[in-house]
Amino acid sequence: MATLVPYNFPSKPTFFTLSKHTTSNSCSTKTSILCVPPYPSKSYKLTQSQVKHSYLKKVQAVAEDVAAAAETSGAENSMSEEGVLVDAEVRGQRQVVDYDWTEEWYPLYLTKDVPEDAPLGLTVFHKQLVLYRDASTGEFRCYEDRCPHRLAKLSEGQLVDGRLECLYHGWQFEGEGKCVKIPQLPSGAKIPKQACLKIYEIRECQGVLWVWMSQTTPPNARKIPWFENFARPGFQDISTIHELPYDHSILLENLMDPAHIPISHDRTDWTAKREDAQPLLFKVTERTDRGFAGWWGKESEETMPNFLRFEAPCVLQNNRELVDEKGIKQYFSGLFLCRPSGQGKSMLIVRFGTTKRSPIAKFFPTWYFHQNACKVFEQDMGFLSSQNETLMKENAPTKELYLNLKSSDTWVAEYRKWMDKVGHGMPYHFGHSTISLPEVPAVVEHAPAGFVAGLSASSPAKGGLATMHAPNQANRYFRHVIHCKECTGVVKAFQAWKNALSVVAFISTAVAILVSGRQWKTLFLVTTTLCLAGIYACSSAIALNTTNFIRTHRRL
């Protein structure tokens, strides 16, 4: 039973001082507010809960309004926090729109990199899928990644005569998910109707496979993104795919943040330099229920030549148009197709393209640009992984944790505010003012163990032998190489050359020892030296494709 306590509202106006602490240990702001009692002359008997709920709630509301007014007044006199930080959301103006994450097309894989000899296990949010190419028809098939028999992963199976076979008991499936073979079924018995797979619709567009996740709403082909620049005559692009150990929203946030490039990626290529870090200009020109768009540029250039567009569910592009010395308009695009692949995981398809490539780029093999892209993501990985962990632990929206600057973080704030609109229709989300953590913690899947399991992981779709190839998202080989046919082929080719040169070096050394003529000894020793140099070059190339970048000050 609640205890009644006498409580007298102040008989005269009272000042309260509220302190708003920032993340700094030494910074705080205080705002004095004036609270006028509603009935100064009356005394009431209220429960403690009534006091807190009524009077203190009113005090808090007045405090927020007056504090906002005080900050606005301060901004008029000088460059205050409000002049530097991204504008806060106005109470009562946040919009929520109808949204269902399943009624979207998600970028599944680059068409050219889908293995022809093995099924591929992929994930969209918490939904596990298996993708393969039907050898008999050349069509792509996508099912739920579990066998109806005992729930084994079909992506751990194999392809037999164009059919997808579960390697647990040998059940085989084809076409529209129909089971066509059960080895353990008695002779003459019919295959149960329930022995079928849940299918997902997929479409190929501009070299990318897209999957429609809804099982109830028919696929909406108009929602498949179309990128105008990639259809222009003479447009060339370099496409890579990466699996990354942090949430897709953190990945997108990082990709739409040009301010970090001069610092985090200093000297990674000829465009990023630390001394170029500076305030940026932003202009949002479009806000819709499906995203936003606008222009941005460097303050020192006093122009905004770059156009950024984000479109639901996870498509980001950054375009720029230039007129060359001949007066011909040239187009450049950076396209980022992000797919949420589970809690704290994402997969990214990166496509950089232009109608006019640098002449220098022609002298570098494609795999060099791939490993350089891996290096870029490794430079950010430590920051983004820890950011993901902190967001999960704090369980607070980003407006309570971030200090977004107008001169660097405008796109980040826009994206998180868009998440406020649609986050209720996602399995989980981190918004500007809202947050919804996953209801069920992720299940950690461990790597295969043992020699046989290692051998079974040797195909391009599965990984390979040794710790370098063990499934681990912090490892470059697992994050990129096994998803890329070209880089897989390059690593295998260099390994084959390394083995061949090792054999030749051994034989040459042995012959040099056995022969007696000085000229022959010199010839075979020179051959051995050249082979050793070739072995070193092959080892360096393999390491370049499989070893993570580590900053100099972090190296042992």
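**Reading a sheet and a helix pair**

Mentor: Let's begin with strand 18 (residues 306–311) and strand 19 (residues 315–323), which run antiparallel and are joined by six bridges. This is a predicted model, where local features need pLDDT of at least 70, side-chain atom pairs count only at pLDDT 80 or more, and totals for chains, interfaces and linings use all residues. Residues are numbered from 1 along each chain as its sequence is written, and side-chain values use heavy atoms, leaving out hydrogens and water.

Trainee: How do strands of a sheet pair?

Mentor: They pair through backbone hydrogen bonds, either parallel or antiparallel. Two strands count as paired if DSSP finds at least two bridges between them; strands (E, at least two residues) and helices (H or I, at least four) are DSSP runs numbered from the N terminus.

Trainee: Which residue is the bridge partner of N306 in strand 19?

Mentor: R320. The open sheet has seven strands with antiparallel pairing, in the order 15-21-20-19-18-17-16. Strand 15 (236–244) and strand 16 (280–288) are its edges, each pairing on one side only.

Trainee: What describes two packed helices?

Mentor: The angle between their axes and the distance between the axes. Axes are lines fitted to C-alpha atoms, for helices over the stretch in contact, and angles run from 0 to 180 degrees between N-to-C directions. Here, helix 9 (residues 485–514) and helix 10 (residues 518–546) pack at about 160°, with axes 8 Å apart.

Trainee: Why are helix 9 and helix 10 described as they are relative to each other?

Mentor: Angles over 145 degrees count as roughly antiparallel (under 35 roughly parallel, 65 to 115 roughly perpendicular, the rest oblique), so helix 9 and helix 10 are roughly antiparallel to each other.
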